[in-house]
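This briefing goes through one protein model, topic by topic, for a reader who works with coordinates. Please keep the sequence and the structure in view while reading.

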Amino acid sequence: MRKPLMRIPYTGPLPPPIIVPRYANTPAGARHALTRFLSATKESQGLPSSPGHDSSKTVLLTGAGISVASGLADYRGSGGTYTLNRTYRPIYYNEFITNHEARKRYWARSFLGWTNLDRARPNAGHFAVKELGNIGLISSVITQNVDSFHSAAHPDLPTIELHGYLRALVCIHCHNQLPRSDFQKSLSALNPQWAAFLEEMLATGALDSENPAERRAKGLKSNPDGDVDLPDAPYTTFRYPACPTCLAHPPTLADGTKARVEVDSDGAWSSNSNAGVLKPAVVMFGESIASNIKNAAEEAINNAGRILVIGSSLASYSAWRLVKQAKERNMPIGILNLGGVRGEESFYADISSSNDGEIGVRCNESVDKILPMVVDSLRAARTQKAEGMHQSLSV
């Protein structure tokens with residue numbers, strides 16, 4: 001039996017970007033190279049055949065960088081949380097499920113940060129992915145992001161949410177889910193002073209931007225997982241609701257005893273409880289990715305002919321290993337990301353100098369600017385090809 005795949009943050013240094021081919025160091029060059037990469041029709045050499053495998057299609061692996069243009073922060077970009085806030089430490093799964101005070105702090109910050117994420121929408125990069133799917137070049141999308149922008153922008157293109165999603169919560173005991181919008185209303189009702197503070201921040205525009213410098217100027221720090229760090233805030237006063245299913249029907253615990261789920265007079269979870277704890281439906285750091293999601297991601301790699309990484313430094317092992325898997329299968333690898341990428345030097349070590357983008361590409365450009373340009377180039381090339389065929393048939 002294979003070990004479960006755990007989400008662990010990578011804190012090591014990232015290498016400087018490697019540009020492949022060399023001319024892809026400008027927007028025009030990147031556009032050309034990525035167009036060549038995505039439109040390559042020659043089957044990748046050495047790929048084992050398998051049911052459902054289509055060597056003409058590309059699987060996409062996306063990270064926080066594709067959502068920056070939607071107003072969300074990333075982790076390791078020039079304005080990312082790890083770049084600007086060296087003391088930032090995300091909450092770990094074991095800490096969340098065992099520590100009532102840690103949950104208070106998490107939900108207080110999440111309560112303030114949710115509004116900005118809820119108001120954000122997919123950007124040009126997400127819709128370019130949709131167009132690539134419409135053209136027929138993409139087999140599926142694997143995303144590390146928890147913002148649900150991919151499923152909103154292209155619901156018909158298969159998407160695997162590797163690290164879950166923030167649009168819902170899941171009970172760690174009965175496993176039922178609850179929409180985040182309902183949970184947010186409950187948090188507001190249980191914490192009227194925090195709700196008033198949130199309204200004040202919204203009115204002053206303090207939450208209008210994910211720019212860390214702008215938020216710090218107003219006493220706030222923003223993080224990529226949809227939360228806000230408020231210095232010296234009284235997190236211990238924050239309250240959160242119990243799982244409504246467990247409250248109505250307490251589950252049976254692993255030792256065979258009936259769980260105890262208690263709430264205060266307002267409906268807030270009580271520390272006398274031993275069940276009924278809700279967590280975001282994301283894979284927290286230190287938590288294992290569900291085996292069905294892990295297997296689906298691996299199958300998506302096996303069923304494609306090439307992989308294109310978009311907006312990710314591959315700092316998360318769960319994402320990096322998928323590119324490693326593609327490399328071991330001799331699949332062409334493309335990367336479109338601002339800044340260094342973990343292990344990228346090994347991905348391009350054996351690329352021929354004659355490569356024009358067909359067997360590998362590495363661009364250091366903004367996703368929302370370059371990807372729509374690539375779509376335009378691919379559509380123009382297809383139109384030109386169709387017109388040429390029409391003319392040849394008319395002769």
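Of the 40 residues in the largest nonpolar core, which touch the most other members? They are Trp107, Phe111 and Phe183, a nonpolar core being a set of buried Ala, Val, Leu, Ile, Met, Phe, Trp, Tyr and Cys residues joined through side-chain atoms within 4.5 Å. The model is predicted, so local features need pLDDT of at least 70 and side-chain atom pairs count only at pLDDT 80 or more, whereas totals for chains, interfaces and linings use all residues. Residues are numbered from 1 along each chain as its sequence is written, and side-chain values use heavy atoms, with hydrogens and water left out.

- Beyond residues up to four places away in sequence, Phe111 touches Arg180, Gln184, Leu187, Ser188, Trp194, Ala195, Leu198 and Phe238, contact meaning heavy atoms within 4.5 Å.

**Aromatic rings and charges**
- The structure holds 10 aromatic pairs, counted for rings of Phe, Tyr and Trp (its six-membered ring) with centres within 6.5 Å, planes under 30 degrees apart being stacked, over 60 edge-to-face and the rest tilted.
- In one of these pairs, the ring centres of Tyr92 and Phe285 are 6.3 Å apart and the planes stand at 45°, so the pair is tilted.
- Because Tyr92 lies in the loop between helix H2 (81-84) and helix H3 (93-98) and Phe285 in the loop between strand E9 (278-282) and strand E10 (288-289), the pair ties together parts that are 193 residues apart in sequence.
- Tyr92 is partly exposed at 29% relative accessibility, while Phe285 is buried at 7%; buried means under 20% relative accessible area, exposed over 50% and partly exposed in between (1.4 Å probe, protein chains only).
- One aromatic cluster is formed by Phe96, Tyr106, Trp107 and Phe183.
- Arg306 lies over the face of Phe37, at 4.8 Å from the ring centre, and Arg342 lies over the face of Trp320, at 5.2 Å, the criterion being NZ of Lys or CZ of Arg within 6 Å of the ring centre and within 35 degrees of the ring normal.

**Positions annotated in UniProt**
- UniProt lists His163 for "active site" in an unreviewed entry, and such annotations may be inferred rather than shown by experiment.
- His163 is in the loop between strand E4 (159-161) and strand E5 (164-171) and is buried, with a relative accessible area of 1%.
- The side chain of His163 reaches the backbone oxygen of Gln144 at 3.3 Å.
- The feature "binding site" (unreviewed entry) is placed by UniProt at Cys171, Cys174, Cys243 and Cys246, which are spread over 76 residues of sequence but cluster in space, with a largest C-alpha distance of 8.6 Å.
- Leaving aside residues up to four places away in sequence, Cys243 touches Cys171, Cys174, Gly276 and Leu278.

Conventions. Helix = DSSP H or I, 4+ residues; strand = E, 2+ residues; numbered from the N terminus. Polar contact = N/O pair within 3.5 Å; in protein donor to acceptor, adjacent residues only side chain to side chain.
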